[in-house]
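Dear colleague,

Please find below the structure that I am handing over to you. The findings follow directly after it.

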Amino acid sequence: MLLIRYIPCLLLKDNGLVKTVKFKNPKYIGDPINTVRIFNEKEVDELIFLDIDATPKNKEPNYKLLAEIANECFMPLAYGGGIKTFDQAQKIFNIGIEKVAINSSVHENLNLITQISEVYGSQAVIGVIDVKKNFFGKKEVVYNSANNKSKFSPNEWAQKLVNAGVGEILVTSVDNEGTWSGFDIETIKSITESVNVPVVANGGAGNVEHLKDAIVKGKASAVAMGSMVVYQKKDFGVLINFPNKQLLNEIK
Amino acid sequence: MITIINYGLGNLGSVQNMLKRIGAPCKITSDLKEIEEAEKILLPGVGAFDSAIQKIDELNLRSVLVHKAKVDKIPFLGICLGMQLLTRSSEEGILSGLDLVPAKTIKFKFENTSNLKIPHMGWNYVTQNTPSKLTEGFTADHRFYFVHSYKVVCDNPTNSILKTNYGGDFDSAIQNENVYGTQFHPEKSHKYGMHLLTNFSKI
């Protein structure tokens, strides 16, 4: 039987690893390569790297750093941040990263997903959906570090991404990210029920119970963790760690 | 020396890194002459069936690969799409495969009521079917990283060396004499992948 994937979701800025709260105030965590080595030792299921600087600053992906990361990884690897063209995606695949996560650029050019998935397969493309509550409590799709808003609802956008060819969707709650308060289960559930590709829940993981909620209540295929795997606990110092495998194995 | 075939698709860096880690000498090439002299071939692959076959044909690699596998009978391992390329055909495309293992590649299909997602993506267990040098020493704990929407079906069940359950059992590793294939990615499967590639390096 297919196992649930528990995925550290790590944020890059310049050449370092950072952690944000609600997509803001990036705090320096450490060196990404050392972190990858630790996650190798812990035999984590998969890693997602997101460069939070690439789109807002209109930068190319940091290929040199990504190559160093890929060289150290004996687990699957996804990268997102600043990917606008097929050629950029191709460079990332050639480095040895098997999935690209795409967000901001496809709000203007959905065809990019189709271009990549036709050559590399849909499993190689993760559609990223950042969701934020507006002033009236309505959930909206945002992009470009939550600075822009889509006219489509999270479910509508998820469907469009799937139709364009993504093989997986990463749903992040901007409001919950970095808060240790649990996932936005309502949004995750509504997306998992509306599409037939795996959905990765992200934003808000603070403990194993939260992870369980995303799987059992939200029906997510995988769970991403940020703060929980880079800090000792809430408001404590940096400690690269991973939840006890035994506890995770009990989640069904 | 393991020769990793570079036809423009696939996860060459990661395979090479894991082979380095386990101390197995290897090189990456698309050069016909180098492939003719290969002692062992590893055919990686990520992506779509037809685009892979097209690239192999554009580089004129088909006949040398078939010759090395069928005539020279050197150990030959296809990974992921590389395994599907060993079959005669795929529902993903219209071009002919390398036809080195009597098998075909078909799409995963589930009832609408099923909650199984396609692609089959993530870590899954394997169970041994026909014993093989490639899977020597495997235990019930052995699990691997999979990511695929199409699966291989062997004509003859004895060509299946590992099975994995995803809405029913499918052939997750295959063998036809000296030709082997794994649907999963050993290079992305931590110590379990190192185990399998170490076995391959010793064949």
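**Findings: chain B as a whole**

In chain B, 52% of the 203 residues count as buried. Please note that this is a predicted model. The secondary structure of chain B comprises six helices and twelve strands. With a radius of gyration of 16 Å, close to the 17 Å that the globule rule gives for 203 residues, chain B is as compact as a globular protein of that length. Along the principal axes, the C-alpha atoms of chain B fill a box of roughly 50 × 40 × 30 Å. Among the contacts in chain B with a separation of 6 or more, 71% are between residues 24 or more positions apart.

**The contact between the chains**

Chain A contributes 28 residues to the contact and chain B contributes 28 residues. On the side of chain A that touches chain B, the elements giving two or more residues are helix 2 (63–72) and helix 4 (111–120) of chain A. Helix 4 of chain A gives the most to this side, with three residues. By class, the residues of the side of chain A that touches chain B comprise 14 nonpolar, eight polar and six charged.

**Helix packing in chain A**

The crossing of helix 2 and helix 3 of chain A is right-handed. From helix 2 of chain A, the residues A:Y63, A:L66, A:A67 and A:A70 meet A:K91, A:I92 and A:I95 in helix 3 of chain A. The contact of helix 2 with helix 3 of chain A has six nonpolar residues, no polar residues and one charged residue.

Helix 3 of chain A passes helix 4 of chain A in a right-handed crossing. Helix 3 of chain A makes this contact through A:F86, A:A89 and A:F93, and helix 4 of chain A through A:L112, A:Q115, A:I116 and A:Y120. The classes in the contact of helix 3 with helix 4 of chain A are six nonpolar, one polar and no charged residues.

Most residues other than glycine have a negative phi.

A:K22, a residue other than glycine, has a positive phi near 50°. A:K22 lies in the loop between strand 2 (16–21) and strand 3 (24–30) of chain A. With 15 other C-beta atoms within 10 Å, A:K22 is partly exposed.

A:A146 is not a glycine either, and its phi is positive at about 65°. The loop between strand 8 (139–143) and strand 9 (148–149) of chain A holds A:A146. A:A146 is partly exposed, as 18 other C-beta atoms lie within 10 Å, whereas a buried residue would have 20 or more.

With kind regards

Methods: Residues are numbered from 1 along each chain as its sequence is written. Chains are lettered from A and ligands numbered from 1 in the order in which they are written. This is a predicted model: local features need pLDDT of at least 70, side-chain atom pairs count only at pLDDT 80 or more; totals for chains, interfaces and linings use all residues. Two residues are in contact if their C-beta atoms, placed from the backbone, lie within 7 Å. Helices (H or I, at least four residues) and strands (E, at least two) are DSSP runs, numbered from the N terminus. Ala, Val, Leu, Ile, Met, Phe, Trp, Tyr, Cys and Pro count as nonpolar, Asp, Glu, Lys and Arg as charged, and the others, Gly among them, as polar. The radius of gyration is taken over C-alpha atoms; the globule rule is 2.2 Å times the number of residues to the power 0.38. A residue is buried if 20 or more other C-beta atoms lie within 10 Å of its own, exposed if 12 or fewer, and partly exposed in between; C-beta atoms are placed from the backbone. A crossing is left-handed if the near helix is turned anticlockwise from the far one by less than a right angle, and right-handed if clockwise.
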